[in-house]
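Subject: Structure handover

Hello,

Here is the structure I promised. My notes follow it.

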Amino acid sequence: MLLPSMIVLAAVSLFPFFFMIYASFMDYALDMDKPRFAGFDNWKGVLTADTFWESWGRTAVYAGGGLIAQLALGIAVALLLYHIPKFRNLFSTLLMLPLFVAPIVTGLLWRFLLDPTYGLYNWFLQKLGMNVQILGDTAYAMPAVILMDVWEWTPLITIIVLAGLQTVPEEPLEAAEVDGANGWQKVRYILLPMVRRMIVVALLVRSMDILRYVDTITIATEGGPADATKIIGYYLMQVAFRFQDIGGAAALGLTMLIVSTLLGRFFIKVMRSEEA
Amino acid sequence: MAASRRALHTVLYLLLLVILAWGLVPILYMMLSSVKTQVNMFSMPPKLIFQPTFDVYGEMFAGRGDFAEFLTNSVIVALVTTALSLLLGVMGGFALARGNFKREKDISFWIISTRMAPIPAVILPLYLIFSKLGLIGTTTGLVFAYTTFNLPFALWMMSTFFKDVPIDLEEAAMIDGCSKFRAFWRVAVPTAAPGIVATGVLCLMFAWNDYSFASIFTGNGTQTVPIAVSLLVSQSGIKWGQAMATGTVIIMPMVLCGFLVRKYMVRGLSMGAVK
């Protein structure tokens, strides 16, 4: 019964994967249909290009900044929800809404909110005395696209961590109370350690996903201004479909796959660690 | 003590309201803007009380535009990839949950890395293969492309759901004379039915919300709704009214779906790692 899935999965994943390795050693420049062997030229070209390293650098800022912010906020909101006596389900359901918004809509919606002439949030910022074109300014564009990711995906962290908090048994908390622990101490020494696995799971899922998507950036900034938000995935799309450098793009794609595969390996390990 | 606790709760609720505003204002503002006239939509401070108009929606559906076609394409592609992934995923997931594989760890790793592979890195080789097979610009191509992440997702989720079905149930059925397949079909599948529905809804959502694959693999006549969104952005400006309306149309069904399988959301979004 597993066989049909494995065959289809091989066709849609293994075969393309090997094809990409093959493509990374071929030169497609002259003839798309009859590529010539290029040896390590594509790899050399990609690995020595400044843009490649700069894009990975921006990816690190984007992923690092986004993950830290949504993790901190997500855990904080989960703890808030855990501590309220009523309406917990109502609040958590409403808070989940951004998760269902297509990333392309998120990008365009935030572009509208931050629009220098018509934007609601831009108007707020102007009232606060801040007069900048957020998405058109190299200093603000990256924080803005990070904010979009945080807006859309913080609820994922929140609901995963909240699910963990709700399974924490009563006894250690009561014992701590008897011993005179205050609320913060209970959070710090009992609740957080007990949901550590959920936090790691949420973080891993988000790290893989933050590498996966480029939709939001594609519509909000198109990698600009002046490449300020050009993360590696967006750069790959450009190399492949704008510059039509298929071999180079294949090499570039493989560097992305290496990173996501390492994260995947780590995820399996965590998943198994406390399963049985 | 009780008084200080009540004060604390008040503070917590107030904080939550702020968080709620941060999450919901953009969505509400989008819906509100989609029923405003151009003048009202652009006026600052924002108008909260106004005469709503559904002109933009009317234009989208009745006008010369192809919005209905985009919508049809989206529905077809999302449904077909979901059906395909579920069909294979339910069988395969069951085998994964029940079988004793020597290489089970490798298979799991393969499934997860396929599901989580960066989309641009998946698009490129598929593009090369599809061009050779003449699948660029076709609905079939897009369905295959979505299956690259929906099939591993369905396999993975269904194996975790089937692991929750007590094996005794199937064994009892088999003692009563059921074949192995009948035990799967009449016992395991109905017991795991909520999990199947939840997995299907999430597959639907991933396909429906995708822009990147669709931007490369679709052409005239096969484009999906997220492409309609991107077409509203051009050199000469952005059609904000239509953008807000299209955005609203895209998210509404997904919000409904999300609420429908709310109970399984945590499990789906954590790839089965948290129940």
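Two residues count as in contact here if their C-beta atoms, placed from the backbone, lie within 7 Å. On that basis, the contact between the chains takes 73 residues from chain B and 74 residues from chain A. Helix α1 (residues 2–34) of chain B gives the largest share of the chain B side, with 13 residues. That side of chain B is made up of 56 nonpolar, 16 polar and 1 charged.

Please bear in mind that this is a predicted model. Its scores are ipTM 0.91 and pTM 0.91. Chain B has a mean pLDDT of 89, with 98% of its residues at 70 or more.

Helix α1 (residues 2–23) of chain A has 22 residues. From first C-alpha to last it reaches 30 Å, close to the expected 32 Å. α1(A) bends by about 40 degrees at A10(A). Its buried residues include L2(A), L9(A), P16(A) and F17(A). What covers the buried residues of α1(A)? The cover includes β1 (26–27) and α13 (246–273) of chain A, together with α4 (67–98), α5 (104–116), α6 (119–133) and α7 (139–163) of chain B.

Last, the domains of chain B. The domain assignment gives domain 1 (2–53) and domain 2 (64–269). Their centres, taken over C-alpha atoms, are 33 Å apart. In chain B, 6 residues of domain 1 are in contact with 6 residues of domain 2. On the domain 1 side, α1(B) gives the most, with 4 residues. The residues on that side divide into 3 nonpolar, 3 polar and no charged.

Best wishes

Note on methods
Residues numbered from 1 in each chain as written. Chains lettered and ligands numbered in written order. Predicted model: local features only at pLDDT ≥ 70, side-chain atom pairs only at ≥ 80, totals over all residues. Helix = DSSP H or I, 4+ residues; strand = E, 2+ residues; numbered from the N terminus. Nonpolar A, V, L, I, M, F, W, Y, C, P; charged D, E, K, R; others polar. Expected span 1.5 Å × (residues − 1). Bend = angle between axes of the 7 residues up to and from the residue. Buried ≥ 20, exposed ≤ 12 C-beta atoms within 10 Å, placed from the backbone. pLDDT = per-residue confidence, 0-100. Domains from an automatic or database assignment.
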